[in-house]
Structures are given as C-alpha cells and as structure tokens.
Amino acid sequence: MGKVKNHVIALLLLVILFIIGGCGKGKSTKGPLIESDAPNKVYVEPGKYDEFYGFVSGGFSGQLAVYGLPSGRLLRVIPVYSQNAENGWGYTEETKPMLNTSYGFIPWDDSHHSELSMKDGVPDGKWIFINGNNTPRVARISLGTFRTEEIIEIPNSAGNHSSPFTTPNSDYVVAGTRFSIPVENRDVPISSYKENFKGALTFIKVAPDNGKMSIGFQLITPGFDYDLSHAGKGPSDGWFFFSCYNSEQAHTLLEVNASQKDKDFIMAVNWKKIEELVASGKGTDMTANYAHNVYDDKKHSATSEMIKKVRVLKPADVQGALYYIPCPKSPHGADVDPTGEYIVGGGKLATVIPVFAFKKMVSAIGNKEFDGDIDGIPILKYETVLAGEVKDPGLGPLHTEFDDKGFAYTSAFVSSEIVKWKVETREVVDRLPVYYSVGHLMIPGGDSKKPWGKYLLSMNKITKDRFLPTGPELNQSAQLIDISGEKMKLLLDFPTVGEPHYAQGIPADLVAKNSVKIFKIEENQHPYATKSEKDARVVREGNIVHVYMTAIRSHLSPDNIEGVKASDEVYFHVTNLEQDWDIPHGFTIMGNDNSELLIMPGETCTIKWTPKSPGIYPFYCTDFCSALHQEMQGYMRVSDKNSNVPITFSSNYKKEDTK
Amino acid sequence: MNKILSVFPVFSGLLILISFAVTGCTDNTQELGIGPVKKVELSANIDAALSEKGKGIFENKCIQCHKLDDKLVGPPLHGVTKRRKPEWIMNMILNPEQMTKENLEAKKLFGQYLTQMTFQNVTEQDARAILEYLRSVDSK
C-alpha cells in the first residue's frame with residue numbers, strides 16, 4: 001500500500017514538473033515583457049540611487065514633484081504655491097509671507113512649467129523655476145534645500161503660461177501672459193478687446209550668485225494669447241521665441257473664434273537688443289503693485305515686499321527687436337533644437353510641424369521680406385523663414401524635445417503618440433503609442449544644448465484603465481520610454497502628483513552632491529530661536545504668549561506650561577536642536593486650527609494657536625523620531641481669561657545641571 | 001576519522017591565532033573607541049579656558065540629553081572621565097553611530113537607553129573642549 005502511494009506521488013510530481021516546464025517554455029517564447037529587457041532597465045536595486053532626477057510640475061496641485069528616473073520612484077513633493085499642512089508650508093508664521101500677492105494671501109495656484117537654471121545652455125543644478133498660472137507668479141526653488149526660496153508676482157499679466165523659460169545663462173526668466181487684459185487693468189467693456197487688451201511679456205532678471213529675481217522689463221504687445229516659449233542658444237542666443245494663438249483677438253467662444261485663421265504666430269524677441277535699449281533709458285516706469293517674497297534659510301523666515309513700479313516698453317520703443325513668424329495653427333510649443341539653428345512650432349490644430357531656420361530668419365529680416373505688420377511689429381513671410389515641415393506628424397502636435405543624436409520627439413495629443421523625426425531632414429522615423437493623451441514630454445536636458453538622450457518621459461492627461469481603479473478620480477500618469485536605440489521602447493508607467501504638466505530632468509550627480517543635510521544651529525538667525533535648552537522659556541507680552549521651545553530626541557522643553565488664558569494668542573517657536581541628517585521633529589497641540597509643524601534639524605518654526613476655552617491641552621511630537629517618540633509630549637494648562645494664574649513652565653534643565 | 005583527528009590540533013591552533021588577532025585588534029578600539037581620535041595628550045592640570053569653552057558647547061549641544069548626576073535621554077556624565085579613556089569620550093562625541101554599533105560599551109549603553117546618540121555637528125577641537133569641561137567637573 002505504502003509503495004503504491006509513493007508511486008502515485010512520484011507520478012503526480014512528474015506531471016506537475018511537466019506542466020511547469022511546459023508553461024515556462026511557453027512564456028519564454030512570447031509576450032513582449034519577457035522578451036524585452038524593460039524590467040532590468042527600470043529596476044533600481046534597494047539602497048541604490050536613480051541615474052536622473054525628474055522634476056515634474058504638479059499642475060493643479062500647485063507643487064513640484066521629484067521622481068527618480070528610471071525607477072519612477074517619488075522622492076519628494078516640494079510645496080510651492082499650495083499650502084501644505086503636512087509640513088506647515090503656508091501655515092507657519094515663517095512661510096505665510098511666501099504666498100502673499102497683490103490680491104492678498106493666495107493658498108493655491110496652477111503650476112505648469114518647471115525650468116532648471118542653466119550655465120552655457122546646459123542645466124547646472126543650482127535652481128529650478130516654476131510658474132504660477134492663475135495668479136501670475138514665478139517661483140525659484142533651491143536644489144540645495146529642495147525648498148521654495150523666492151516667489152515674484154507678475155504685474156499686468158493675467159495667466160502666466162509661457163513661463164518660466166530661461167536664457168542660456170539664466171540671465172532672464174520669462175513670463176508671457178496667456179490672457180491679454182487692459183494694461184493697466186481697469187473696468188472696460190469686454191467687447192473693447194481689440195482696442196484695450198494687451199499681452200505683457202515679462203523678462204525677470206536673475207542674479208547670478210544668489211538667484212534673486214527682479215523684473216527687468218515688460219513688453220506690452222498686441223492682445224494675443226501667449227502660450228509657450230524658449231530661448232535661442234548658440235547662433236540664436238540673444239533671441240526668445242514665444243508662440244501665440246488667438247491672433248483673431250476673439251474674446252468669446254475661443255474654441256471656434258480663435259481658430260479661424262490658417263496661421264497664428266511665433267514672436268521672435270531680440271532680448272539682448274531690448275536689454276541695451278532699457279539700459280539706455282528706453283521705456284517708461286509704470287506704477288504697479290506686485291509682491292516679491294523671499295525665504296531666508298538662515299533666518300528660517302520669509303519676507304514679503306510690495307514693489308510699486310515696472311519698466312514697460314511698447315513695440316514703438318523697441319523697433320527692430322520684435323518680429324512675427326507665421327505659424328500654423330494655434331501653436332503650442334516653441335522649441336529650439338540643441339544647435340540653436342532650428343525653431344520648432346507645435347501647432348496643436350495643424351497637420352504639419354513647421355521647422356524654422358534661424359539663419360533664414362536673420363536674412364529675411366536683413367532683406368526686409370515682410371508681409372505687413374501688427375502694431376508696428378513686422379510679419380515675416382512663412383516660406384522665407386521655413387526650413388521645412390514634418391509631414392503627417394500625428395494629430396495635435398504639441399511639444400518637441402531633442403536627443404543628442406539629431407532627433408526630435410514630438411508629442412501628439414489627439415492621436416496619443418510620440419513621433420520621432422530627424423531634425424535635418426524632417427522625416428518621421430518612428431512612432432510609439434502612449435496611454436493616453438500626452439501633453440508635454442521630457443528628455444533630461446532635452447531643451448538644452450546638451451541633451452542626455454537616454455530616456456523620454458511622456459506626461460499623460462488621461463490614465464483611464466492603466467492602473468487599479470480608484471473611483472471616479474484617478475491620478476494622472478507618466479510613462480518612461482527608452483530612446484537609446486533606433487526604436488522607442490516603452491519601459492514603465494507610474495502615477496503622478498496632480499497633473500504632470502511639464503518636466504525637467506538632470507543627471508543625479510549634478511544635484512545630489514550639493515544637497516543640504518542639516519541647518520547648522522550656530523547659523524540660525526531666527527529672532528525666536530532657542531539654541532540651548534537652558535534658554536527654553538515662556539514669555540507673556542500682554543495677551544500674546546511666546547513659547548520658546550526646543551525639540552530633541554525625545555523631549556520637548558518646556559513640557560508643562562501654565563498661566564496661558566483663553567483667547568491669548570500663543571506662538572510656539574519650536575527649534576529642532578538635532579544636528580543629524582533626517583531627524584525632523586513635529587509639533588502640534590489639541591484643537592490646533594492650523595497645520596502641524598515639521599521642523600528640520602537646526603531650524604526654528606512657529607505656529608500660532610488661540611485657545612478658546614479653559615482646560616488641559618496636550619501637545620506632542622508628530623514625527624516618529626525615536627524609540628521614545630511616544631513619550632515626547634507635554635501639557636498646556638489654559639485658564640479662564642480673567643484668572644490670575646502666573647506663567648510657569650517646567651524644563652529638564654536646572655542651573656545646577658552644569659557646573 | 002583519523003585524518004580529521006590529526007588535523008584538529010592544526011585547526012585549533014589556527015583558531016587561537018585568529019581569535020588572538022581579532023581580540024588584539026579590537027582591544028584597542030574597545031578601550032579607545034572607534035573614530036578619528038587615536039591619542040589625546042592630557043596635562044595634569046585643567047586648562048581653565050578650554051574647560052570654559054567646553055562648558056559653553058556642552059550647554060548648547062549636550063544638556064538636552066545629558067545631566068551630570070541624573071539619567072535623562074543619555075547617561076549621567078559625572079565620573080565619565082574616570083570610567084573611560086579620553087579618546088573613547090571624544091570618539092563617542094564625534095562618531096556616535098559607529099560607536100553604538102561596534103564598541104561593546106557603547107552598544108551596551110544604547111541597549112540600556114534606547115535612543116541613538118546623535119552627532120551634534122561639533123569639531124574635534126569642540127570635542128576636546130567638552131572633554132576638558134568633563135575633566136574639570138570630575139576634578140571637583
């Protein structure tokens with residue numbers, strides 16, 4: 001009986017082995033994933049680093065997301081324009097001024113385009129800029145701290161879309177308005193659009209040493225919709241190219257009325273010439289009111305200043321510096337190839353991609369081959385500036401990036417594909433479907449002089465069935481594509497934060513080595529810093545109470561506070577005394593109608609709290625910091641507002657503790 | 001079997017040699033600690049100025065966790081200069097993470113207090129000053 005059983009088991013085992021073996025064979029001969037080496041190309045071993053940083057704008061999230069590429073791992077979300085209760089951005093006393101504008105405190109924006117700072121036309125890893133679309137602003141983020149350091153508001157603009165693209169040495173960051181409005185803004189009938197509405201193109205000067213932004217000058221141009229832009233480089237250095245649509249100057253039902261003409265324009269701006277004109281006193285200083293907000297990482301605090309004037313120039317002030325290049329049809333992208341010789345227009349309603357030659361533009365200007373003018377701005381002839389057209393590029397060509405081998409990659413929104421074509425010959429060499437409705441795409445350095453042409457990121461507006469469903473609302477997504485070979489290969493899908501509108505990429509080693517690990521406590525210049533636990537204290541000034549608190553593993557000091565009264569304004573100034581990388585502490589108190597604090601080593605952050613009724617209010621550290629994290633707590637006693645309980649507090653430190 | 005027995009003395013000899021070599025190496029790092037400080041020259045008298053400087057640093061960077069006579073986050077420090085070599089103390093200040101992993105005494109303390117001692121961004125000169133302050137405390 002036992003023997004028979006053994007035989008049966010052996011037979012069963014054989015059958016199972018056969019099935020497994022059979023299956024294995026079957027799998028190895030078909031199925032694209034098994035044949036492809038995609039898993040190896042995107043797999044980054046635990047503990048190993050990605051090759052590139054990808055900075056993907058958050059669109060309507062208002063933030064900037066940082067991904068590792070090729071893995072698609074989310075490394076960080078940098079708060080920019082939206083309040084972020086997770087770390088107190090826009091809630092703390094120190095960061096509230098960053099979101100100040102001429103419209104008051106604005107807790108959100110639509111952040112569309114990210115742009116790395118450059119040196120000699122190549123990303124240098126110092127800063128990244130990002131635009132605020134809705135309440136026109138440009139932000140500068142430090143790639144040392146991965147924090148927003150500066151936000152400047154753009155006056156006379158009403159939708160900062162063609163922004164924040166920079167010149168090859170980041171002398172200027174531009175901000176072209178999507179919506180034209182009256183300059184200065186005033187109460188007029190909307191039907192007076194053609195007469196009263198203008199488009200402002202703003203050039204923001206960037207200080208080379210510390211990146212500080214200030215508006216250099218503003219061009220007040222015809223009332224079109226300015227969409228995207230890119231700076232010239234190499235031979236075309238000194239020029240900027242802005243795409244614009246709605247040259248019909250429609251103000252209602254733009255969907256139809258702004259698509260009447262066969263061609264709109266790319267505006268060529270000789271910014272170097274205008275810079276000289278401004279230096280020689282051209283233009284007028286117009287009264288304005290716009291916020292300039294700066295964060296100081298020694299004071300750990302931001303300031304907001306209202307600037308009251310801006311230098312504006314009309315087309316008549318800058319003759320010979322502005323030209324319109326006709327471009328079919330409602331162009332989106334205005335993209336300059338790595339050599340700086342070609343300007344590619346992405347006409348989202350066009351059936352071709354026009355490629356303009358800078359050389360031909362210069363000679364057409366020299367020969368005055370114009371086809372009339374608009375407000376004194378000469379219109380060049382399409383054919384005289386054209387190098388050639390890419391035929392059949394896919395439906396809805398939007399944006400073009402470049403590799404380092406002479407190829408261009410254009411996203412086609414309507415047909416959901418990426419089209420690869422040769423810049424010199426304009427012939428299409430490859431196509432790849434993407435899922436779905438690709439907007440912008442990104443190759444690290446792909447809009448610079450030196451693309452790192454290994455990967456392409458497709459940023460898609462619609463995700464639909466690509467991931468497990470999560471109800472009606474789905475994350476949008478990005479797709480990573482291998483462009484190292486002749487044929488494009490899809491490697492990876494990953495969901496993103498907000499709308500992955502536009503991105504920049506850079507080799508990790510240009511950024512990682514400069515990453516700040518701690519803020520030195522000796523350099524902390526915050527006016528309410530507590531640099532030693534012996535200075536922890538509570539001070540009453542009328543109905544305002546300042547708590548000078550320290551945090552270190554695993555206690556808050558002071559940890560028992562009495563003498564606070566209902567309706568006092570209590571400011572908790574919490575200094576993290578740690579000097580070790582990645583040891584933040586958090587802080588909150590029961591009933592806090594504000595965000596928490598998340599305090600980095602050596603930093604001081606302040607949260608305002610107004611207790612409404614007497615009682616005992618616990619507070620604690622919210623960031624799991626140590627084995628005794630759960631012990632990191634304290635109590636605040638709140639008394640009736642007419643009581644006379646004196647301020648007292650307890651601390652670990654007593655004078656006799658040091659001798 | 002015989003073969004195995006016959007090589008046994010060779011093996012055990014080797015083992016003894018290896019363990020000797022290991023303990024020979026680690027003895028030093030157990031006593032002096034692991035870190036940048038290999039040798040500290042101490043004068044018989046306390047350098048008052050250096051000790052005062054050390055006290056200042058101690059009050060800013062150490063008192064959050066260390067008292068002299070009571071347990072807090074870390075152990076009380078009264079008598080530490082009698083218990084440990086000066087090199088060990090300085091290495092503990094300058095290289096606490098490796099110390100609590102690889103130095104037996106430091107590891108034992110970590111097990112007892114359960115909070116990783118943190119490097120407080122001090123220089124070797126700062127650590128020397130803190131040592132002088134602790135020596136002055138112990139000399140009273």
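# Conversation on a predicted two-chain model

Visitor: What pLDDT does chain A average?
Guide: The average pLDDT of chain A is 93, and 94% of the residues score at least 70. Over residues 14-35 of chain A, however, the pLDDT is below 50. That stretch has three contacts in the model beyond near neighbours in sequence. Where pLDDT is low, predicted coordinates should not be read in detail.

Visitor: What about chain B?
Guide: Chain B averages a pLDDT of 86, with 81% of the residues scoring at least 70. Residues 1-5 of chain B have a pLDDT below 50, and beyond near neighbours in sequence this stretch has zero contacts in the model.

Visitor: How many residues does each chain bring to the contact between A and B?
Guide: Chain A contributes 23 residues and chain B contributes 19 residues. On the side of chain A that touches chain B, seven residues are nonpolar, seven are polar and nine are charged. The model scores ipTM 0.72 and pTM 0.89.

Visitor: Back to chain A: which domains is it divided into?
Guide: Domain 1 of chain A covers 52-251 + 259-514, and domain 2 covers 524-657. Taken over C-alpha atoms, the centres of these two domains of chain A are separated by 44 Å.

Visitor: How many residues are in contact between them?
Guide: In chain A, 11 residues of domain 1 are in contact with 15 residues of domain 2. The side of domain 1 that touches domain 2 has two nonpolar, five polar and four charged residues.

Visitor: Changing topic: what is the strand order in the open sheet of four strands?
Guide: The order is S21-S22-S23-S26 in chain A, and the pairing is antiparallel.

Visitor: Why is one side of S21 and of S26 left without a neighbour in the sheet?
Guide: Strand S21 (331-336) and strand S26 (386-391) of chain A stand at the edges, and each has a single partner strand, so one side of each lacks a neighbour in the sheet. On average, neighbouring strands of this sheet are turned by 20° against each other, direction ignored.

Visitor: How many bridges join S23 to S26 in chain A?
Guide: Five bridges join strand S23 (residues 352-357) of chain A to S26(A), and the two run antiparallel. Val355(A), for example, has Gly388(A) in S26(A) as its bridge partner.

Visitor: Which strands does helix H7 lie across?
Guide: Helix H7 (residues 358-366) of chain A lies across S22 (342-347), S23 and S26 of chain A, and runs at about 65° to S23(A).

Visitor: Why does Pro107(A) count as partly exposed?
Guide: Pro107(A) has 13 other C-beta atoms within 10 Å.

Definitions and conventions
Residues are numbered from 1 along each chain as its sequence is written. Chains are lettered from A and ligands numbered from 1 in the order in which they are written. This is a predicted model: local features need pLDDT of at least 70, side-chain atom pairs count only at pLDDT 80 or more; totals for chains, interfaces and linings use all residues. Two strands pair if DSSP finds at least two bridges between them. Axes are lines fitted to C-alpha atoms, for helices over the stretch in contact, and angles run from 0 to 180 degrees between N-to-C directions. Two residues are in contact if their C-beta atoms, placed from the backbone, lie within 7 Å. Domain bounds come from an automatic or database domain assignment. Ala, Val, Leu, Ile, Met, Phe, Trp, Tyr, Cys and Pro count as nonpolar, Asp, Glu, Lys and Arg as charged, and the others, Gly among them, as polar. pLDDT is the predictor's confidence in each residue, from 0 to 100. A residue is buried if 20 or more other C-beta atoms lie within 10 Å of its own, exposed if 12 or fewer, and partly exposed in between; C-beta atoms are placed from the backbone.
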